[in-house]
Amino acid sequence: RGTFYIVATPIGNLEDFTDRAKKVLTEVDFIAAEDTRHSKRLLNHFGIDTKLFALHDHNERDKANYIGSLLDEGKNLALVSDAGTPLISDPGYHVVNFLRQQGHKVVPVPGPSALITALCASGLPTDRFSFVGFLPAKSKSRRDEMSSWTPSQGTVVFYESTHRILDCLVDLEAVWGDRIQVALAREITKTFETFLSGSVADIHRILTEDSNQTRGEFVIMVSLPEQEEDNSEALKVLKVLLKELP
Ligand code: SAM
């Protein structure tokens, strides 16, 4: 039986591609990629010409069986996403879950992930954190999710796109005001890498004053106020009751 490798790729700086990742991607029989055209460009750059096929959110349940049968034939496969670590807000969970249930060998080849790269340089607490992926696209659901956060989660980390960054900061301020500390990591490992920290209002002001600061990819990190820990249950009840008010 073959091995299924989960291979992390750079999130910007190509020098972050590990030697082991390149070796595994060169040696496997097939690479399952989120977007084959995107990954082909990266692999061409490194002279890797392994055959690719597409594995994305819409076909991964169907592809799990196919991947299992290739592994049964003794083929080795690797999974890559467009950037960073597969399965982290990227496809692959259903395949890995299926392969584990079938007793296949799944081997991680670690490397960059925007989540950890942003958090470690943010200046916010790292001893405990919650990664919540992408927040809902609609403002109402986003605010509901934001108001559900509690200090016991530690630093809350999430991904945001250029399209929603300003709306997201507006919602964050509406829900938490100046009670939270925020760090924003933009374009990490790339030319315009920027770390901002302060209150939501500070960060929102910087982004509205300079539209260049709203470009690119973002990780947002939020440190919730400690003193609310004791009355978080009471606050939850209060929030439920407030929703009932006309
Ligand atoms: N699997 C990836 C990982 O391990 O980081 C994340 C994939 S997710 C679809 C893409 C999101 O990750 C972007 O919208 C952005 O929020 C974040 N991201 C990826 N690269 C980034 C970078 N260089 N700087 C800041 N955020 C980044």
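The legends below describe close-up views of a predicted model. Local features are taken only where pLDDT is at least 70 and side-chain atom pairs only at pLDDT 80 or more, whereas totals for chains, interfaces and linings use all residues. Residues are numbered from 1 along each chain as its sequence is written.

View 1. Five strands form an open sheet with parallel pairing, in the order 3-2-4-1-5; strands (E, at least two residues) and helices (H or I, at least four residues) are DSSP runs numbered from the N terminus, and two strands pair if DSSP finds at least two bridges between them. Strand 3 (51-54) and strand 5 (105-109) are the edge strands, and because each has a single partner strand, one side of each is left without a neighbour in the sheet. Strand 1 (residues 3-7) runs parallel to strand 5 and is joined to strand 5 by five bridges, with Ile6 having Pro108 as its bridge partner.

View 2. Helix 2 touches strand 2 (30-33), strand 3 and strand 4 (77-80), and its direction makes about 155° with that of strand 3; axes are lines fitted to C-alpha atoms, for helices over the stretch in contact, and angles run from 0 to 180 degrees between N-to-C directions. Helix 3 (residues 60-72) also packs on this sheet, where it touches strand 1, strand 2 and strand 4 and makes about 145° with the direction of strand 4.

**View 3. The surroundings of Thr36.** Thr36 belongs to helix 2 (residues 36-45) and, leaving aside neighbours within four places in sequence, is in contact (C-beta atoms, placed from the backbone, within 7 Å) with Leu52, Phe53 and Ala54.

View 4. A sheet of five strands, open and with mixed pairing, has the order 6-7-10-8-9, and its edge strands, strand 6 (129-134) and strand 9 (194-198), each pair on one side only. Strand 8 (residues 181-186) and strand 9 run antiparallel and are joined by five bridges, and Ala183 stands opposite Ser197 in strand 9. Helix 8 (residues 200-209) lies across strand 8 and strand 9, running at about 140° to strand 9.

**View 5. The shell around the ligand.** The ligand is surrounded by 24 residues, of which the closest are Gly84, Ser113, Ala114, Tyr159 and Glu217; a residue is near the ligand if its C-beta atom, placed from the backbone, lies within 6 Å. Helix 5 (114-120), strand 7 (155-160), strand 8 and strand 10 (218-223) are the elements that give two or more residues to this shell.

Notes:
Two residues are in contact if their C-beta atoms, placed from the backbone, lie within 7 Å.
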